[in-house]
Amino acid sequence: MENHDAVTRADTDSFDEFVRTRSPALLRSAYLLTTDRHAAEDLLQEVLERLYARWRRARDAPDAYARRILVNRAVDRWRWRGRRREAALADLEVPATGDHAEEVVVRQFVLAALRTLPPRQRAAVVLRYLDDLSEAETAAIMRCSVGTVKSHTARGLAKLRAALPGTDPLSTQTMIRSTR
């Protein structure tokens with residue numbers, strides 16, 4: 001009797017290729033969703049483990065499947081963290097040094113502003129403006145309507161503008177994209 005869930009060598013090879021090519025982009029998305037490098041690495045590891053377990057189903061559209069797992073796991077983590085407050089080392093003020101001081105300051109402002117957004121708004125902003133996904137792709141990943149994506153994105157951008165004073169709408173989007 002043949003086991004249809006068994007992972008073949010071809011499946012393993014295609015999964016390995018996916019991990020090699022897409023991990024940097026998924027790690028960037030995980031970082032922007034968590035705003036913490038170590039949490040992002042842990043989140044990506046969880047995503048890849050779950051994706052591998054479902055590779056036979058996901059291999060036709062692995063990027064969308066991985067992003068859906070990424071967003072769902074990130075939202076689960078926010079819910080868990082909401083019950084238990086922790087102070088991250090990244091929240092400590094450390095003076096920026098070197099030639100990239102302005103970039104570091106802008107990145108820290110944007111990350112701090114992203115932290116203030118509710119999970120679904122943060123996910124919508126990250127997927128739309130940092131991962132350059134369409135509204136339809138974002139809606140599919142978040143399992144909601146396009147209208148809900150538009151609403152979450154608009155509200156999230158409004159909160160970011162309020163958190164980043166002195167910026168117009170275009171420069172706010174440019175600042176967000178500069179965190180890539």
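Mentor: Before we turn to single residues of this predicted model, keep one definition in hand: a residue counts as exposed when its relative accessible area is over 50%, as buried when that value is under 20%, and as partly exposed in between.

Trainee: Why is Arg-20 called exposed?

Mentor: Arg-20 has a relative accessible area of 56%, and since exposed means over 50%, Arg-20 is classed as exposed.

Trainee: What makes Glu-17 and Arg-20 a salt bridge?

Mentor: The criterion is a side-chain nitrogen of Lys or Arg within 4 Å of a carboxyl oxygen of Asp or Glu; the side chains of Glu-17 and Arg-20 meet at 3.0 Å, N to O, and therefore qualify. Being three residues apart in helix α1, they are separated by about one helical turn. Glu-17, at 40% relative accessibility, counts as partly exposed, because that value lies between 20% and 50%.

Trainee: How do you know that Arg-9 and Asp-13 form a salt bridge?

Mentor: Their closest N and O atoms are 3.7 Å apart, and the limit is 4 Å, so the pair is counted. Arg-9 and Asp-13 lie four residues apart in helix α1, about one turn of the helix. Arg-9 is exposed at 63%, whereas Asp-13 is partly exposed at 38%.

Trainee: Is Asp-11 buried or exposed, and how do you know?

Mentor: The relative accessible area of Asp-11 is 4%; buried means under 20%, so Asp-11 is buried. Its side chain meets that of Arg-59 in a salt bridge of 2.4 Å, N to O, and this pair links distant parts of the chain, with Asp-11 in helix α1 and Arg-59, 48 residues apart from it, in the loop between α3 and α4. Arg-59, for its part, is partly exposed at 36% relative accessibility.

Trainee: What is the orientation of α7 to α8, and why is it called that?

Mentor: Their axes come within 8 Å and cross at roughly 100 degrees; angles of 65 to 115 degrees count as roughly perpendicular, so α7 is roughly perpendicular to α8. The contact involves Glu-135, Ala-136, Thr-138, Ala-139 and Met-142 of α7 with Val-146, Val-149, Lys-150 and His-152 of α8, and by class it has five nonpolar, two polar and two charged residues.

Trainee: Which residues of α1 and α6 meet?

Mentor: Arg-28, Ser-29, Leu-32, Leu-33 and Thr-34 of α1 meet Arg-122, Ala-123, Val-126 and Leu-130 of α6, in a crossing that is right-handed. Arg-28 is also part of a network of salt bridges that links it with Arg-22, Asp-63, Arg-67 and Asp-131.

Note on methods:
Residues are numbered from 1 along each chain as its sequence is written. This is a predicted model: local features need pLDDT of at least 70, side-chain atom pairs count only at pLDDT 80 or more; totals for chains, interfaces and linings use all residues. Side-chain values use heavy atoms; hydrogens and water are left out. A crossing is left-handed if the near helix is turned anticlockwise from the far one by less than a right angle, and right-handed if clockwise. Helices (H or I, at least four residues) and strands (E, at least two) are DSSP runs, numbered from the N terminus. Contact means heavy atoms within 4.5 Å. Axes are lines fitted to C-alpha atoms, for helices over the stretch in contact, and angles run from 0 to 180 degrees between N-to-C directions. Angles under 35 degrees count as roughly parallel, over 145 as roughly antiparallel, 65 to 115 as roughly perpendicular and the rest as oblique. Ala, Val, Leu, Ile, Met, Phe, Trp, Tyr, Cys and Pro count as nonpolar, Asp, Glu, Lys and Arg as charged, and the others, Gly among them, as polar. Buried means under 20% relative accessible area, exposed over 50%, partly exposed in between (1.4 Å probe, protein chains only).
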